[in-house]
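Please look over the sequence and structure below. A short report follows.

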Amino acid sequence: MAKVEYADAIKTVSGAMTKINKKSPHAADQKMVLATHRTAPTTSPNCSRIFLRGLSAVTRTTPVTADELAIRARFTAVGRAVAVRAKNMSTYQTDYAAFKAQKDLPGGRKTFKSYLWQVCGEAYDESQS
């Protein structure tokens with residue numbers, strides 16, 4: 001097994017190192033190489049990963065179901081609501097105070113954005129039922 005040592009100046013490697021040319025007549029034979037490397041305080045010293053993905057992993061073979069469309073619509077609506085609410089100065093102070101109050105509780109959201117996703121998601125679900 002190969003071992004890679006990164007120079008001290010390299011903190012992160014992330015993304016596609018090679019991509020599949022879908023217009024090529026040989027696209028089915030090509031592989032996409034994705035690599036990630038991060039330095040984080042974890043228990044595992046192995047922070048580098050390389051993935052190979054073929055064209056078949058990119059091409060969908062089944063039609064989109066009604067449940068998937070509903071999930072996509074929910075994600076879009078909640079994402080827009082989060083973006084609007086994060087910039088709304090009239091509710092920002094109360095949202096941030098509520099976030100701080102629940103942050104250290106068991107099951108509490110650790111970031112403000114994830115808290116807004118929870119609040120807006122619950123509001124969306126309530127409006128749809």
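Is D95 buried or exposed? D95 is buried, with a relative accessible area of 5%. Buried means under 20% relative accessible area, exposed means over 50%, and partly exposed lies in between (1.4 Å probe, protein chains only).

## Model and confidence

This is a predicted model, in which local features need pLDDT of at least 70, side-chain atom pairs count only at pLDDT 80 or more, and totals for chains, interfaces and linings use all residues. Residues are numbered from 1 along each chain as its sequence is written, and side-chain values use heavy atoms, with hydrogens and water left out.

The pLDDT is the predictor's confidence in each residue, from 0 to 100. Its mean over the protein chain is 81, and 74% of the residues reach 70 or more. Among the elements, helix α1 (residues 66-87) has the highest mean, 94. Strand β1 (residues 13-18) has the lowest, 68.

## Overall build

The protein chain has three helices and three strands. Their order from the N terminus is β-β-β-α-α-α. Helices (H or I, at least four residues) and strands (E, at least two) are DSSP runs, numbered from the N terminus.

Of the 129 residues, 17% count as buried. The accessible surface comes to about 10,400 Å², and carbon and sulfur atoms hold 58% of it. These areas come from the Shrake-Rupley method with a 1.4 Å probe; for residues, only the protein chains shown count as cover.

## The nonpolar core

A nonpolar core is a set of buried Ala, Val, Leu, Ile, Met, Phe, Trp, Tyr and Cys residues joined through side-chain atoms within 4.5 Å. The largest one has nine residues, including V78, F99 and Y124. Helices α1 and α3 (112-128) each give two or more residues to this core. The largest share, six residues, comes from α3.

Contact means heavy atoms within 4.5 Å. Beyond its neighbours within four places in sequence, Y124 is in contact with A73, R74, A77 and V78.

## Salt bridges

The structure holds two salt bridges. Each is a side-chain nitrogen of Lys or Arg within 4 Å of a carboxyl oxygen of Asp or Glu. R74 pairs with D125, their closest N and O atoms being 2.8 Å apart. This pair links helix α1 to helix α3, across 51 residues. R74 is partly exposed at 31% relative accessibility, and D125 is partly exposed at 37%.

R85 pairs with D95, with the closest N and O atoms 2.8 Å apart. R85 lies in helix α1 and D95 in helix α2, 10 residues apart. R85 is partly exposed, at 27%.
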